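Here are some friendly notes to read beside the structure. Take the points in order, and keep the 3D view open as you go.

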Amino acid sequence: MRHPWRWIVGLLVLGFLILLAILPGGAKQQFEVAGEFQREVLIKLPTVGPFDLSVTKTVAYLWLTVAVVVVVAIAIARSLKLQPGRFQYAMEAMYELARDGIVGGVMKSGKKQWFPYIGGAFFFVLTCNLIGLIPLPFGEHHQTAFYAATANLNVTLMLALCTFLFTHYAGVRKNGALRYVKAWAPSGAPPVLKQIIWLIHVVSEIFRLISLSVRLFANMVAGHAILAVFFAMALIFQSYLVGLALQGASVLIYMFEIFVAFIQAFIFAILSAVYIGGALDQDH
Amino acid sequence: MNDAAAKLLGAGLAMGLGAIGPGVGLGIMIGKALESIARQPEVAGDVRTNMFIGIGVTEAVALYAFVVALILIFVA
């Protein structure tokens, strides 16, 4: 037998894995995926009218996102050099993506006017999604947990509502209210069909609001639920072997979640650009 | 069949059946995008941008099914 030590090491590894498989694994613990998304009140503030102003986990994460975006923006704006370092290079790449890829590639008129909103939405949603992948101690009973501010339908609904209001504001400001609303039905259509097409367009405008918010919300919730399940699968299966085998899978799914965070921010920004551009160039 | 069992069964069916359509649609769309990039490499950037828009819109349909499943499990 050549290289006997290879066979010995192989047998030892196999024995170790079998030992892991048959050992009773860990304490019996329950794992609730829904516990990741509970909203715990951090600072209790009074209720003003129908609005409960107390600071919850979501509000704290939103403030953290705003702080990060503002600090990064001020830091990069103050240290611009002719020969960019790595940080400036990355920021310039993202700025160029927002300006030329998103706004420049999709909108035909109103690029300069609407770039602040769309670029701002892109960076804000991106930062929200990425901060959701960093474990911070805001969890229940001050545990360290993952949570994204955009994994909350209220937050994404407000972001989509901004896009919705800006779309109609842009259209009304450019064309006047009556002409903008009338352009929703194609001009060369027979009388009854024209009203039906107009109604369908109204429904599709409302559906854009719902789909924009639910897309971002459901992507973030699904991503975090999958992350929670993968990280805790050793607890669910109560076996050490499964826990060891899933280390690599957890890392892979975490990398995929980073990719999804970028893609969802990009899609939110580019769909906002498409809607606002569509309202501005209606006779297309 | 009692209530809780019916809800869980409905949630499983909703997500499972609701992922068929978007899966097929994504495969067709990304395949066509790959074909067009292979045919004409200089429009790769434009094609890729529009492909991502299409991916976002199509995956949203699968996520509506996911939201319905979540509603069935946790809310209803």
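How many residues of chain B are in contact with chain A, and with how many residues there?

1. **What you are looking at.** This is a predicted model, in which local features need pLDDT of at least 70, side-chain atom pairs count only at pLDDT 80 or more, and totals for chains, interfaces and linings use all residues. Residues are numbered from 1 along each chain as its sequence is written, while chains are lettered from A and ligands numbered from 1 in the order in which they are written.

2. **Where the chains meet.** The contact involves 10 residues of chain B and 14 residues of chain A; two residues are in contact if their C-beta atoms, placed from the backbone, lie within 7 Å. On the chain B side there are eight nonpolar, two polar and no charged residues. Here Ala, Val, Leu, Ile, Met, Phe, Trp, Tyr, Cys and Pro count as nonpolar, Asp, Glu, Lys and Arg as charged, and the others, Gly among them, as polar.

3. **Chain A as a whole.** Chain A has nine helices and four strands; helices (H or I, at least four residues) and strands (E, at least two) are DSSP runs, numbered from the N terminus. Of its 284 residues, 24% count as buried. A residue is buried if 20 or more other C-beta atoms lie within 10 Å of its own, exposed if 12 or fewer, and partly exposed in between, with C-beta atoms placed from the backbone.

4. **Helix 5 of chain A.** Helix 5 covers residues 153–175, and its 23 residues should span 33 Å at 1.5 Å a residue, which agrees with end C-alpha atoms 33 Å apart. The expected span is 1.5 Å times one less than the number of residues. Its buried residues include Leu159(A), Thr163(A), Phe164(A) and Thr167(A). Among the elements that cover them are helix 2 (57–78), helix 4 (111–131) and helix 7 (191–231) of chain A. Just after the helix, Gly176(A) takes a positive phi of about 85°.

5. **The largest nonpolar core.** A nonpolar core is a set of buried Ala, Val, Leu, Ile, Met, Phe, Trp, Tyr and Cys residues joined through C-beta atoms within 7 Å. The largest one has 54 residues, and Ile102(A), Phe122(A) and Ala273(A) are among those with the most contacts inside it. Elements giving two or more residues to this core include helix 3 (86–106) of chain A and, from chain B, helix 1 (3–18) and helix 3 (44–75). Helix 9 of chain A supplies the largest share, 13 residues. Beyond its neighbours within four places in sequence, Ala273(A) is in contact with Ile102(A), Val103(A), Val106(A), Met107(A) and Ile118(A).

6. Is Ala121(A) buried or exposed? Ala121(A), in helix 4 of chain A, counts as buried because it has 22 C-beta neighbours inside 10 Å. Leaving out residues up to four places away in sequence, Ala121(A) touches Leu159(A), Phe268(A), Ala269(A) and Ser272(A). Lys182(A), in helix 6 of chain A, is partly exposed, with 14 other C-beta atoms within 10 Å. Val202(A), in helix 7 of chain A, is exposed, with 12 other C-beta atoms within 10 Å.

7. **A helix pair in chain B.** Helix 2 (residues 20–39) and helix 3 of chain B pack at an angle of about 180°, with axes 9 Å apart. Axes are lines fitted to C-alpha atoms, for helices over the stretch in contact, and angles run from 0 to 180 degrees between N-to-C directions. The pair is therefore roughly antiparallel, a label for angles over 145 degrees. By class, their contact has 12 nonpolar, five polar and one charged residues.

Definitions and conventions:
Angles under 35 degrees count as roughly parallel, over 145 as roughly antiparallel, 65 to 115 as roughly perpendicular and the rest as oblique.
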